[in-house]
Amino acid sequence: MKKLDKSTRKLISSIAVIVVLYLVMSGMQATGNLSSLMSGLLVPVCAYSLVAIGLNLCVGYLGELSLGHAGFMCVGAFTSAFFSKMYQDVIPDVPRFILALLIGTFFAALFGFLIAIPVLRLSGDYLAIVTLAFGEIIKNVINVLYVGKDAAGLHLSLKDMMDLGLDLDGVVLINGAQGITGTPRQSTFTIAVVLLIVALIITHNFVNSRTGRAVKAIRDNQIAAETVGLPITKYKLTAFTISAAIAGVGGVLYAHNINSLTATTNNFGYNMSIMILVYVVLGGIGNFSGSVIATVVLTMLPEMLRGLSTYRMLIYSIVLIGLMLFNWAPGILKFREEHGLTTKQIVDKFKKKKEVQ
Amino acid sequence: MALLEVTNLGISFGGLRAVDEFNLTIEKGELYGLIGPNGAGKTTVFNMLTGIYKPTDGKIFLDGNNITGKRTADINKAGVARTFQNIRLFGDQSVLDNVKIGLHNRFEYGTFTGVFRLPKYFSTEKEMDKKALEILSVFGLDKEADVLASNLPYGKQRQLEIARALATNPKLLLLDEPAAGMNPNETKDLMDTIALIRKEFGVTILLIEHDMKLVSGICEKLTVLNFGRVLASGETTAVLNNPEVIKAYLGE
């Protein structure tokens, strides 16, 4: 067999780990060994992982800090949930969910593209601030958006429900701050894991393709990239759009896992963008599997600490700081190197052991 | 027709006239040197030739095409590649990938083909690998193809930058102080490399350099810049014996 390169091997092993975890979790769920709290977290964890993968593409490979990815997740969630709700009784379940997935992804990508046009003229802190604002705008617009359907067609208002002027048989689809209620709950753990694996493969292929190399070149040195003839804007737009689209997939999953979808600060606002960024940074910038691991650990952790009630978030934040120091602090890195505790050294040791056997 | 024809090129930064009435004609196949004291505007000329700065006045013609004020990427496509005084490699990528990025516009497949690994991805990537290794072997860098560019020793980083520039298949190669920071032995190797790439790639070269041994050893013609203006230009020996050049730059 042809020898695979390092990143492909890493991809295959992380997919294997995900599959094993999936089997263990579904087994526990089937035999009733998983608490309802944990099993309720399975799909959201996958959804957050997807958004983290999308954001990692933006932060790690495009080299631009975006604080608006919860906004793209929001777009994906609401457009797909709107579609599912509207055609709930018209299209059968499976094709409807596939269409909803495509629609959510498409609109997240579209918003990503449109926002990227002005935003990618900026860089660094400015870009972060503007994406943050865009994320908030998306969330706040959805909070005042009222859409209803009756025999005459769709009605839209930015004021209140009465303003829609629906007939008696009309249905409110998006009810302002109350969002969308009664979306079919179609996101199963299986679908979520499949989408997660597909996203890992797509991002891996992307960063190792001709376009991906160009994107990394632009990140490493924009002027040099220009002098070898790379169209900077085109590739920045491409990477940002794909990044937003993957966040959108996360949104679709999220939306089809809950009964009532609302846009609050905690699920689609600033808090969520920061949470996702924490996953990306702690999982390793530019490391997609790392993002997934960090998401799983950091989403499960607060739930496991629930017993500590008041001190829960305190311990959570201490863990975050501890992880950050462990990964980045120069003194600790030196200590780890001296004692053979860096990831590379541990992996090497592990490999040697294998060879001896 | 000359390969590069620059007439009355000038640029101002606010009130500062960095380069003024700069003229330069380079014939195809020549090895041309641009010298002058620090701050004379040599790198500014390079930046205008590659579109990083937009000239305030003057015209630049490459092979008869007006490339004045075009975008950097388009100027590269027209046939100008360069290296930088402070090396600008894609440090987080392998030596091979650096050259493959240089090959970007010569081998095409779309983002979709790349993401979904359609057959064209594999065939094109294979061709790109082959071509990139071919270019690297000219510099003896093919053994280090998988090394991260930032982990290469200094001299090899300079060579890799030249290899990357050549990968774009340029008509004109601009080298900005290729021997900067090199010891005499490395400089000698560099002179051999430059002679070799002229032969292998048939490329015309314009270089900025302070090392007079290198300049007098390989350049056929010279232009001397001083305070943004051309002080002298012509055959190398004639220019280096010009009393004004000696006074302004070389020292008596």
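Visitor: How many helices and strands does chain B have?
Guide: Chain B has 10 helices and 10 strands. Those are DSSP runs, helices being H or I with at least four residues and strands E with at least two, numbered from the N terminus.

Visitor: And what's the radius of gyration of chain B?
Guide: For chain B of this predicted model, the radius of gyration is 19 Å, close to the 18 Å from the globule rule for 252 residues, so chain B is as compact as a globular protein of that length. The radius is taken over C-alpha atoms, and the rule is 2.2 Å times the number of residues to the power 0.38.

Visitor: How are the residues numbered, and how are chains lettered?
Guide: Residues count from 1 along each chain as its sequence is written, while chains are lettered from A and ligands numbered from 1 in the order in which they are written. In this predicted model, local features need pLDDT of at least 70 and side-chain atom pairs count only at pLDDT 80 or more, but totals for chains, interfaces and linings use all residues.

Visitor: OK, what's the mean pLDDT of chain B?
Guide: The mean is 92, and 100% of the residues of chain B reach 70 or more. pLDDT is the predictor's confidence in each residue, from 0 to 100.

Visitor: Which element of chain B has the lowest mean pLDDT?
Guide: Helix α10 (residues 243–250) of chain B, at 86. The highest, 96, belongs to helix α3 (residues 95–102) of chain B.

Visitor: New topic: which domains is chain B divided into?
Guide: Domain 1 (1–79 + 170–252) and domain 2 (93–168), with bounds from an automatic or database domain assignment.
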